[in-house]
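Subject: Structure handover

Hello,

Here is the structure you are taking over. Please open it first, then read my notes below.

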Amino acid sequence: MANVTFSGLTLPKDITVYAVAGDTGTLLAVAKQNNVPIPFQCQDGECGSCLVKVTVLGDNPPMASALTEKEKVTLSVNGKLDKATLYAAETNDMPPAYRLACQYVVRSEDILVEFTGEPGVE
Ligand code: FES
């Protein structure tokens, strides 16, 4: 069970939902189920429209959250994932701040998800 709090310029106030890890799929799926208007197009990690900033909340260290190959490429092309951040993610399990909602799988940890409502702009 995880609390997922969405914060966006297009929302009148933050929305916190309870997501069951492994049962909900991607962060974009959780957003859609709860009518949170994160922009999206391809839903396949290629367009970058669903760019969000994810912050792990609480005192526990963040859980490792693997990036898909498409997510690595798309974030890198859009200047949201440099080599040092990717290295830290792959070797030290330090999740990067910027993610693609259609690729990020919700885990059993509380997170804050920030988005602007403009496609590809966090
Ligand atoms: Fe295209 Fe997520 S919707 S990358």
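This is a predicted model: local features need pLDDT of at least 70, side-chain atom pairs count only at pLDDT 80 or more; totals for chains, interfaces and linings use all residues.

Residues are numbered from 1 along each chain as its sequence is written, and side-chain values use heavy atoms, with hydrogens and water left out.

**Salt bridges**

A salt bridge here is a side-chain nitrogen of Lys or Arg within 4 Å of a carboxyl oxygen of Asp or Glu. The count is five. Burial comes from relative accessible area: buried is under 20%, exposed is over 50%, and partly exposed lies in between (1.4 Å probe, protein chains only). Helices (H or I, at least four residues) and strands (E, at least two) are DSSP runs, numbered from the N terminus.

Start with K72. It pairs with E69, N to O at 2.8 Å. Both sit in helix α2 (residues 69-77), three residues apart, which means about one helical turn between them. E69 is exposed at 55%, while K72 is buried at 13%.

K72 also bridges to E90, with the closest N and O atoms 2.5 Å apart. E90 lies in helix α3 (residues 83-92) and K72 in helix α2, so this pair ties together parts 18 residues apart in sequence. E90 is partly exposed, at 46%.

Next, E71 and R99. Their side chains meet in a salt bridge of 2.9 Å, N to O. E71 is in helix α2 and R99 in strand β4 (residues 98-100), so the bridge joins parts 28 residues apart in sequence. E71 is buried, with a relative accessible area of 0%. R99 is buried too, at 0%.

Finally, D44, E46 and K70 form a network of salt bridges.

**Nonpolar core**

A nonpolar core is a set of buried Ala, Val, Leu, Ile, Met, Phe, Trp, Tyr and Cys residues joined through side-chain atoms within 4.5 Å. The largest one has 28 residues. V4, F6, L27, I38, V52 and V113 have the most contacts inside it. At least two core residues come from each of β1 (2-8), β2 (15-19), α1 (27-33), β3 (51-56) and β5 (111-115). Helix α1 gives the most, with four residues.

Which residues does V4 touch? Leaving out residues up to four places away in sequence, V4 touches I15, T16, V17, A19, L27, V106, I111 and V113. Contact means heavy atoms within 4.5 Å.

Best wishes
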